[in-house]
Amino acid sequence: RARRPHGEPMSTARAGRPTRRGDGEHAGLRPERPVELGARRGLPDHRPVTTCDPEALLVAVFGGPEGPDEVIPFLEHVLAGRNVPRARLEVVGAHYALFGGVSPINAQNRALVSSLSERLAIPVVLGNRHAPPFLRDTIADLMGRDIRRVAVLATTAYAGTSSCRAYRTAVTEALDAVGPGAPEARFLPPF
């Protein structure tokens, strides 16, 4: 590990430049340089990442059915644009019968939001990619509450196309769907 001349350890930010830990940077993000939300990895450009304090935290999650009648619509939403036979949807949907048609991750996500709400001085809200409450509805609600800056926590621990990129794209599309006046969004780094 590299050391500064006076013996203080250095860390390397994503941009490859050495930074001192504790100087206001988080996971290599450079707060003094706004970056377009979609500028990395060819994502659609949307809103600049801001350095301002967020007024709310949006916990962006995959989502899941809340009952047996929501299983097939949920799977259709997840697989939109893919040619998956209805019979296959029903086979996969049968797995949810083991849980009464309710995805077990839903309760865990609500518990996460509740726990964060107790610890943070800003509103913490849940937005799903594939089930109600959808991201666009949650963002529209934030806009209606006059929230202009939101931090986004995607509940995916790994960076990649089907994880972080999918969440960034989903939030960007939701911001576009809400239209002018939608809050600025800043993604927190993967955990």
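How many aromatic pairs does a search of the whole structure find? The search finds two. Rings of Phe, Tyr and Trp (its six-membered ring) pair if their centres lie within 6.5 Å; planes under 30 degrees apart count as stacked, over 60 as edge-to-face and the rest as tilted. The model is predicted, so local features need pLDDT of at least 70 and side-chain atom pairs count only at pLDDT 80 or more, whereas totals for chains, interfaces and linings use all residues. Residues are numbered from 1 along each chain as its sequence is written, and side-chain values use heavy atoms, with hydrogens and water left out.

Helices (H or I, at least four residues) and strands (E, at least two) are DSSP runs, numbered from the N terminus. F62 is partly exposed, at 33% relative accessibility. F74 is buried, at 5%. Buried means under 20% relative accessible area, exposed over 50%, and partly exposed in between (1.4 Å probe, protein chains only).

F74 also pairs with Y96. The ring centres are 6.0 Å apart and the planes stand at 80 degrees, so this pair is edge-to-face. Y96 lies in the loop between α2 (86-95) and α3 (104-119), 22 residues from F74. Both F74 and Y96 are buried. F62, F74 and Y96 form one aromatic cluster.
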